[in-house]
Amino acid sequence: MSRILITGSSDGLGLQAARLLMAAGHDVVLHARNAARAADTAAAAPGAGGVLVADLSSIEQTTALAADANASGPFDAVIHNAAVGYREPRRIETVDGLAHVFAVNVLAPYLLTALVTPPRRLVYLSSGMATGGDPALDDLQWTRRRWDGSQAYTDSKLFDAVLAFAMARRWPGVLSNAVEPGWVPTKMGGPGAPDDLVQAPVTQAWLAASADPEARVSGRYFYHLRRKATHPAARDETVQEGLLAACAELTGVKLGSGPTVAERPA
């Protein structure tokens with residue numbers, strides 16, 4: 001049995017992945033944005049190991065979430081599933097003065113990675129749209145460019161793959177991978193999305209807990225249990241280090257060294 005934290009698991013793919021893992025006997029801790037959603041989440045996933053509450057658009061609340069997660073005990077895996085979509089018609093500014101899409105989709109997984117006791121496995125949710133992402137780091141907050149919600153989302157999903165590969169390189173004692181779940185008819189994807197909703201949560205659950213040798217890899221990008229190529233910038237160490245430095249500057253939190261391969265439990 002593994003102990004797994006899934007962000008953004010009050011509904012959608014996060015909740016579906018949680019149900020798959022719970023059905024397989026794993027202890028899953030869920031996450032919701034606020035207390036009302038937490039109550040609904042607990043009702044939707046009876047038997048979960050708890051529901052942690054935080055608005056990931058807030059650096060303060062995300063930091064508190066990391067503290068709550070650590071206080072609840074170590075995790076074997078963390079699935080960074082939480083995200084906001086591509087339909088924001090204007091630049092929404094968070095309490096920290098940041099672009100909402102970047103804060104939730106990129107900065108929150110960075111901050112949780114840096115502050116939660118390193119698990120054995122990390123899974124970051126990317127998107128097929130990442131191949132159209134812009135890896136430039138000079139206007140991450142969209143303060144100079146004209147707002148484009150679709151492009152902001154696309155860039156954020158590229159940066160999630162960047163985070164996954166950066167952690168695979170930086171923390172060789174942790175298995176860190178990115179997943180493309182497909183364009184599926186969730187609340188975010190919309191009712192006309194053409195991909196397979198049944199398959200969409202399977203790969204992240206598999207990477208988080210499976211003993212399959214194909215799942216016990218690091219620095220890979222997956223789509224429906226198969227390895228797939230993504231934007232080449234995701235493997236660019238200059239882009240990786242630039243993104244990590246930008247996130248550290250915005251949060252005041254730097255990544256630790258993480259466990260070595262020799263320290264990683266079987």
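## Basis and terms

A residue is called buried under 20% relative accessible area, exposed over 50% and partly exposed in between, with a 1.4 Å probe and protein chains only. By this scale D139 is buried, with a relative accessible area of 5%.

The structure is a predicted model, in which local features need pLDDT of at least 70 and side-chain atom pairs count only at pLDDT 80 or more, while totals for chains, interfaces and linings use all residues. Residues are numbered from 1 along each chain as its sequence is written, and side-chain values use heavy atoms, with hydrogens and water left out.

## Overall fold

The protein has 7 helices and 8 strands. These are DSSP runs numbered from the N terminus: helices are H or I with at least four residues, strands are E with at least two. The C-alpha atoms fill a box of roughly 50 × 40 × 35 Å along the principal axes.

Buried residues account for 55% of the 266 residues. The accessible surface comes to about 11,200 Å², and 54% of it belongs to carbon and sulfur atoms; the areas come from the Shrake-Rupley method with a 1.4 Å probe, and for residues only the protein chains shown count as cover. Of the contacts (heavy atoms within 4.5 Å) between residues at least 6 apart in sequence, 70% join residues at least 24 apart.

## Nonpolar cores

In soluble globular proteins, nonpolar side chains tend to be buried together. A nonpolar core here is a set of buried Ala, Val, Leu, Ile, Met, Phe, Trp, Tyr and Cys residues joined through side-chain atoms within 4.5 Å. The largest such core has 51 residues, and F102 and L243 have the most contacts inside it. Two or more residues each come from α3 (59-71), α4 (100-115), β5 (121-125), α5 (149-170) and α7 (237-251).

Not counting residues up to four places away in sequence, L243 touches F102, V106, L137, L140, F159, V162 and L163. Another core, of 23 residues, lies apart from the largest one; L15, W206, A208 and A209 are among its members.

## Salt bridges

Side chains of opposite charge can pair when their charged atoms come close. A salt bridge is counted when a side-chain nitrogen of Lys or Arg lies within 4 Å of a carboxyl oxygen of Asp or Glu, and by this rule there are 13. R91 pairs with E93, the closest N and O atoms being 2.8 Å apart, and E93 is exposed at 52% relative accessible area.

R227 and E214 form a salt bridge with closest N and O atoms 3.9 Å apart. R227 lies in strand β8 (residues 226-227) and E214 in the loop between α6 (202-209) and β7 (221-223), so this pair ties together parts 13 residues apart in sequence. Both residues are partly exposed, R227 at 43% and E214 at 44%. Elsewhere, salt bridges that share partners join R169, R170, E237 and E241 into one network.

D139 sits in the loop between β5 and α5. Its side chain meets that of R145 in a salt bridge (3.1 Å, N to O), and R145 is partly exposed at 31% relative accessibility. A polar atom of the D139 side chain also lies 3.0 Å from the backbone nitrogen of T143. Polar contacts are pairs of N or O atoms within 3.5 Å; within protein, one must be able to donate a hydrogen and the other to accept it, and residues adjacent in sequence count only if both atoms are side-chain atoms. Leaving aside neighbours within four places in sequence, D139 is in contact with R144 and R145.

S126 is also placed in the loop between β5 and α5, and is buried at 4% relative accessibility. The S126 side chain reaches the backbone oxygen of K157 at 2.9 Å. Beyond neighbours within four places in sequence, S126 is in contact with K157, A161, V179, E180, P181 and Y221. S126 and A83 are 43 residues apart in sequence and 9.6 Å apart in space, C-alpha to C-alpha.

## H231

H231 belongs to the loop between β8 and α7 and is buried, with a relative accessible area of 15%. A polar atom of the H231 side chain is 3.0 Å from the backbone nitrogen of A233. Not counting residues up to four places away in sequence, H231 touches A130, T131, G133, P135 and L158.
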